[in-house]
Amino acid sequence: MSESDSFLSEVTEEVRRDKMIATLRKYGWIIAAVVVVIVGAAGYSEWSKSAARTTAEARGDALIDALRANGTEERLGALEAVTETDPSVLSQFQLAAAQLENGDVDDASATLQVIASNSDFSEIYRDVARLKLVSLPGGDISDKDRMAMLAGLASEGHPLRSLAIEQRALLHIRAGDVAAAIEDFSVVYADENVQQTTRARVGQMITGLGGQLPDLSAASQSG
């Protein structure tokens, strides 16, 4: 490379450096602001995760302490306090159980209805709440409404199908429709997915109502 070419190269490099410095001076604050935003966002994200984890742990500890309370009334009071600050589906279910244990059927029904109607909760939890509502002794829900709640739960393929049909059979008994009750109990009895304890229970209901137990071998072959 000649001396003139070397000189031109150095001049060009200086010009580039000057332009870069000028650009940095003009727009450097923007670059700095972007860096601050990125670093700040990352820091806030970590802080949010830490805060959420701390809150969840505190709520979990409060729920455990409430469940460990001695006596039904004390446990009920503790759970009521927990649900005021932590209206999660778990704490609501525990509150309903404590209310029922304390004999407060109407309060338990109201709590379960809150769960069943809360669209923020997963559908399966809402369905469990509906099933528990149907099975409540007494309460302010008519048998017609109970049947309506069971309609979807007893549909083919629903994970709570057998339990829902069993509850429907009990409603048939209360209405005096023994034939319909035996039919529903027989459906549960023949379900290959039910537990043996459930099959034994509904089997006793079938024979107690004067029905005949389904032939499980025939049901298996037809399936």
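Trainee: Is Arg199 buried or exposed, and which side chain of opposite charge is nearest to Arg199?

Mentor: Remember first that this model is predicted. Now the general idea. A residue is called buried when its relative accessible area is under 20%. Arg199 is buried, yet Arg199 has no salt bridge. The nearest side chain of opposite charge is Asp191, 6.1 Å away. A salt bridge needs a nitrogen and a carboxyl oxygen within 4 Å.

Trainee: Where does Arg199 lie, and which backbone oxygen does the side chain of Arg199 reach?

Mentor: Arg199 lies in helix H9, residues 196–208. Its side chain reaches the backbone oxygen of Tyr189 at 2.8 Å.

Trainee: Let me step back. How many helices and strands does the chain have?

Mentor: The chain has 10 helices and zero strands. Read along the sequence, the pattern is α-α-α-α-α-α-α-α-α-α.

Trainee: What percentage of the residues in the chain is buried?

Mentor: Of the 223 residues in the chain, 29% are buried.

Trainee: Now salt bridges. How many does a search of the whole structure find?

Mentor: The search finds eight salt bridges. Take one of them. The side chains of Glu123 and Arg126 meet at 3.1 Å, N to O.

Trainee: Where do Glu123 and Arg126 sit in the helix, and how far apart are they along it?

Mentor: Both are in helix H5, residues 123–135. They are three residues apart, so about one helical turn separates them.

Trainee: Which residue forms a salt bridge with Asp127?

Mentor: Arg130 does, with the closest N and O atoms 2.4 Å apart. Asp127 and Arg130 both lie in helix H5. They too are three residues apart, about one turn of the helix.

Trainee: Are Asp127 and Arg130 buried or exposed?

Mentor: Asp127 is buried, and so is Arg130.

Trainee: Which residue pairs with Glu156 in a salt bridge?

Mentor: Arg161 pairs with Glu156, and their closest N and O atoms are 3.6 Å apart. Glu156 counts as exposed because its relative accessibility is 69%. Arg161 has a relative accessible area of 21%, so Arg161 is partly exposed.

Trainee: What about charge on the surface? Which residues gather in a patch of negative charge?

Mentor: The patch holds Glu80, Glu84, Asp106, Asp107 and Asp140. Two elements give two or more residues to this negative patch: helix H2 (72–85) and helix H4 (105–117).

Trainee: Where is the place of Asp107, and what is its relative accessible area?

Mentor: Asp107 is in helix H4. Its relative accessible area is 41%, so Asp107 is partly exposed.

Trainee: Let me try polar contacts. Which backbone oxygens lie by the side chain of Ser117?

Mentor: Start with the helix. Ser117 is in helix H4. A polar atom of its side chain lies 2.8 Å from the backbone oxygen of Gln113. The side chain of Ser117 also reaches the backbone oxygen of Val114, at 3.3 Å.

Trainee: Why does Ser117 count as exposed?

Mentor: Ser117 counts as exposed because its relative accessibility is 54%. The cut-off for exposed is over 50%.

Trainee: How far apart are the C-alpha atoms of Ser117 and Ala129?

Mentor: Compare sequence with space. Ser117 and Ala129 are 12 residues apart along the chain. Their C-alpha atoms are separated by 9.2 Å.

Trainee: Where do Phe121 and Ser122 lie?

Mentor: Phe121 is in the loop between H4 and H5. Ser122 lies in the loop between H4 and H5 as well. Phe121 has 13% relative accessibility, so Phe121 counts as buried. Ser122 has a relative accessible area of 38%, so Ser122 is partly exposed.

Trainee: What separates Phe121 from Ser88, and Ser122 from Val89?

Mentor: Phe121 and Ser88 are 33 residues apart along the chain, and their C-alpha atoms are separated by 8.5 Å. Ser122 and Val89 are 33 residues apart in sequence and 9.0 Å apart in space, C-alpha to C-alpha.

Note on methods. Residues are numbered from 1 along each chain as its sequence is written. This is a predicted model: local features need pLDDT of at least 70, side-chain atom pairs count only at pLDDT 80 or more; totals for chains, interfaces and linings use all residues. Side-chain values use heavy atoms; hydrogens and water are left out. Patches are made of residues with over 30% relative accessible area and no salt bridge: like charges are joined within 9 Å, nonpolar side chains (Val, Leu, Ile, Met, Phe, Trp, Tyr) within 5 Å. Accessible areas come from the Shrake-Rupley method with a 1.4 Å probe; for residues, only the protein chains shown count as cover. Lys and Arg count as positive and Asp and Glu as negative; His and the chain ends are not counted. The place of a charge is taken as NZ of Lys, CZ of Arg, CG of Asp or CD of Glu. Helices (H or I, at least four residues) and strands (E, at least two) are DSSP runs, numbered from the N terminus. Buried means under 20% relative accessible area, exposed over 50%, partly exposed in between (1.4 Å probe, protein chains only). A polar contact is a pair of N or O atoms within 3.5 Å; within protein, one must be able to donate a hydrogen and the other to accept it, and residues adjacent in sequence count only if both atoms are side-chain atoms.
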